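Q: Could you take a close look at the main pocket of this protein and walk me through what surrounds it?

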Amino acid sequence: MAYKEEGKWWVSPANYLPEVTKNYHFPEHIEILDTTLRDGEQEPGIIFTREDKVAIAKHLDAAGVHRIEAGCPMTSEEDAAAIKEICALGLKAKIYCFVRGVMSDMDVAKACGVDGVVIEVPGSEQMLQGGMRWGMEKAIKAASEATRYAHELGLMVTFFPSDASRSDMDFLSTLLNGVLDAGGHFDSVALVDTFGAFSPEGAAYMVKELLRLGKPVEAHFHEDFGLSIPTTIAALQAGAFCAHVTVNGIGERAGSCPLEPLVMSLQCLYGQDTGIKYDELLGLSHEVAARSGKPVPPTKAIVGNRLFGWETGLPTGYWLKSREMNPLIMMPYHFSMTGQPAPHIYIGKKSGAANVTLVNERLGLAQIEDKDKVKELLHKVKELSIQVKRDLTDEEYTKLYHEVV
């Protein structure tokens, strides 16, 4: 049963019904391109040093990420040095860097030792004319020369038309076909949702239209409306072969498509194994959080530190009864799958007798047989919890326990 994998996940059987999956066109292999070191660092206030970038690249590789966009070598000498060092590590992941549609950038990229380049040129009429003050002919000339030269240097080329999601399809097709007709060369084209403006349906439509050009399509989507994961999945369902992500979803404005919930959703909800090592996700998240200075919200999907556990009495009671039978009765995927610790039972305003039992067990306190004593203890717990407006610390609970027992 694809929706239920023993010891790993248990999701809705509706996800796998033939009438639901019949129109899926996932590629045979889904690639993950991580752009934490470039797009992630573009979040204001995040600075990665050379040491940071090398350490994160090693961890991304250990997690099984297929491609690492290691940065933009024109940003600073330190960034160029970091990219060179990452390229010299001999990682399994392919190393790319981000460049402009300028031929001299290709020489810099080649000197860094990368496998490929992501070449940006404005991909919408408003971005081209309003942002660059260029006409279509100038954009086609620059992009064709840059992509052709990168290919001549032996680099893989992802063409990256920014703001493509807000482009008229005729405009975008004219740009892409113009580059190819002018002798340009790119191995794939990124459908770039610079401002997170896609609906899932819109993303799927544009992927299908781009595939008519005969080039593989990658999905680079942002989180402005909170839809980067469903839009990315919709793009992959429609035939895109590669998803661009960042660790913890860091990036400009609301951020980028987060690696962790994307790959877990693909595996558990859609049966698409990306090859990512899920048990590396938590450690990778912690490393990027520490080096970026941006902490992870405690209930953030997949990597939050308060995801597994309960304060409320009813679900705690369910957990008490089901944990030995099958932990997946009370969770969509097993906590160990992503390197998370076992569920933590909190105690506070919403707690019941099951919380007392499990907290006593964790703290090595004798269980309370007298039900009236349990009620008295819970009354004290609730009073203090309301007063401090949170669940109680172990020390606070232990003090109340001893007052009652």
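A: Happy to. On a 1 Å grid over the protein atoms alone, a pocket is an open set of points where a 1.4 Å probe fits, with protein on both sides within 12 Å along at least five of seven lines, and lining residues have an atom within 4 Å of a point. Points are joined across faces, edges and corners, and a volume is the space filled by probe spheres set on them. This is a predicted model, in which local features need pLDDT of at least 70 and side-chain atom pairs count only at pLDDT 80 or more, while totals for chains, interfaces and linings use all residues. Residues are numbered from 1 along each chain as its sequence is written, and side-chain values use heavy atoms, with hydrogens and water left out.

The largest pocket has a volume of about 330 Å³. Its lining comprises 20 residues, and F98, E120, V121, F160 and S162 lie nearest the centre. Two or more lining residues come from each of β5 (94–100), β6 (116–122), α5 (125–132) and β7 (156–162); these are DSSP runs numbered from the N terminus, helices being H or I of at least four residues and strands E of at least two. The most, three residues, come from β6. By type, the lining has nine nonpolar, six polar and five charged residues, where Ala, Val, Leu, Ile, Met, Phe, Trp, Tyr, Cys and Pro count as nonpolar, Asp, Glu, Lys and Arg as charged, and the others, Gly among them, as polar.
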